[in-house]
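User: I am new to this structure and would like a close look at one part of it: the salt bridges. Could you walk me through them, and then show me what else is worth a look around them?

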Amino acid sequence: MAPLLPFLLLLLVQTGGAADFHDPTRITRIAFASCSHQDREQPLWGEIARWDPDYFIWLGDAVYTDTRIRPFSWKRPSIARYAEQLHKMKHSPGYEGFQSRRTKILGVWDDHDYGVNDGGASDPIYASAVQDMFLDFLNEPDNSPRRSRKGLYGSYLFGTGSHTIKLVLLDPRSQLDRSNQSVLGAEQWAWLDKELKSDPSTLTILGTGLPLLTDRSYLDKWLLYPMERERLLSLLSRRPNTIVLSGDSHFAEMQCSNTTKGPLFEVQSSGMTHNCLDWIPDVLCRYYIKYVSECPGCITEPYIDLNYGALTLMWDKESPRVVLEVRGRTGVEMHYVVDLSGVDREHCPPSHQVEHQLVWQLCAVSLVSLVLLLLFYLLTYCIIAVYARILVYRRFDKQHRE
């Protein structure tokens, strides 16, 4: 992050409302992203720098601090290794240069930068130590309210008057309790309730590592905790013109859900250094996401390549608008415009209809059949080889005894 950011954040006027900080500057561009592995090539920082956002928001997995010891099993790092991985990412090519620009960097963690894949509430001493380290990674000021909480949640107010934006960042990891189906914990819920009742704004942005609207079967998501999800959706329905930003999935898409205050949009951007799933062939992963994993709320086709999200505020129009985008290495890959004045926003746009499935289905069936055939061949070969060895051994043993 820019060396001047701690000083700039100290200049933010702490509001009389609920928000932690207030930057009175009129904001026109916000970038956001997730899932950036410090040991992989990071080609997007130049693209983001050229787009020149006012703010960049990490939505989780900014660093992969844990270690995969076998498929579906991850090991939490020691505090020393955690610090080492943060340092590696902070000084990695591309990101180190990006931090020296005018763009201010904010963020919240998800599971891998919290310490372990799909992690939840853990040892409070360990959690407190890594929380301070992660806030140092973000260059968070020493007197930030986020340093005194059990979790990284925080809020920001940008602009003034009719150009006001409220940003609320949730921490769905520090107090996650799967046994009790609790995501945020009592303290964070009370804080969020206060945040959404105060600081009126033209646009409200909610940032969460866990996707909120998706019901795709294999993702870690809010829907795994249905009562918590409904509670969050109920709170969000208090504020019109709310947009959710999320990550974690290793691909990008846009979704929409109707609420009593109008459509609730979610832009999911994930995969700055890798996309899809590492443990299955890329072609099968793409096919599964596009044609098998259902997404009734999607308003765009998923984008399965390296990407970052972008919001552009068009304040100078007769009615203010926000442009929702997903951008990749070659420019804009998804685009949707939301009218913040409420005109033509009574319902979500039509869902994206999946087309041309047959070719993909035939390719997938053929590939799966080929894999099964190869496995059958290998299994048959192993059985024959073992049986042949047994026969040879018996004959040798019989001859030796004679």
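Analyst: Here is a tour that starts with the salt bridges and then moves on to some other spots.

Please keep in mind that this is a predicted model. In total, the structure holds 21 salt bridges. How exposed are the two partners? Aspartate 52 has a relative accessible area of 27% and is therefore partly exposed. Arginine 102, at 44% relative accessibility, also counts as partly exposed.

The next pair is glutamate 195 and lysine 166, whose side chains form a salt bridge of 2.7 Å, N to O. Glutamate 195 belongs to helix H7 and lysine 166 to strand S8, so their contact ties together parts that are 29 residues apart in sequence. Both of these residues are buried.

A further salt bridge links glutamate 325 with arginine 327, with 2.9 Å between the closest N and O atoms. Glutamate 325 is buried, at 7% relative accessibility. Arginine 327 has a relative accessible area of 17%, so it is buried as well, the cut-off being under 20%. Salt bridges can also share partners, and in this way Asp52, Asp54, Arg101 and Arg102 are joined into one network.

Let us now turn to the loops. The loop between strand S8 (165–169) and helix H7 (185–197) contains glutamine 181. This residue is not a glycine, yet it has a positive phi of about 55°. Most residues other than glycine have a negative phi. Glutamine 181 is partly exposed, with a relative accessible area of 36%. Aspartate 248 has a positive phi too, near 80°. It is found in the loop between strand S10 (242–246) and strand S11 (253–259), and it is buried, with a relative accessible area of 15%.

Another loop, between helix H5 (111–114) and H6, holds aspartate 118, which is partly exposed at 33% relative accessibility. Aspartate 118 and aspartate 220 are 102 residues apart in sequence, while their C-alpha atoms are 7.4 Å apart in space.

The largest cavity has a volume of about 50 Å³, and its lining includes Leu236, Arg239, Lys261 and Leu264. Strand S12 (residues 262–268) gives the most to this lining, with three residues.

The last stop is on the surface, where Val368, Val371, Leu372, Leu375, Tyr377, Leu378 and Tyr381 form a nonpolar patch with about 710 Å² of accessible area together. One of these, tyrosine 381, lies in helix H10 (residues 357–401) and is exposed, with a relative accessible area of 54%.

Terms used
Residues numbered from 1 in each chain as written. Predicted model: local features only at pLDDT ≥ 70, side-chain atom pairs only at ≥ 80, totals over all residues. Heavy atoms only, no water. 1 Å grid on protein atoms, 1.4 Å probe; cavity = no way out; pocket = protein on both sides within 12 Å on 5 of 7 lines; lining within 4 Å. Points joined across faces, edges and corners; volume = space filled by probe spheres on them. Helix = DSSP H or I, 4+ residues; strand = E, 2+ residues; numbered from the N terminus. Patch = residues over 30% accessible without salt bridge, like charges linked within 9 Å, V, L, I, M, F, W, Y side chains within 5 Å. Areas by Shrake-Rupley, 256 points an atom, 1.4 Å probe, with all protein chains shown as cover. Salt bridge = Lys/Arg side-chain N within 4 Å of Asp/Glu carboxyl O. Buried < 20%, exposed > 50% of the residue type's maximum accessible area, 1.4 Å probe, protein only.
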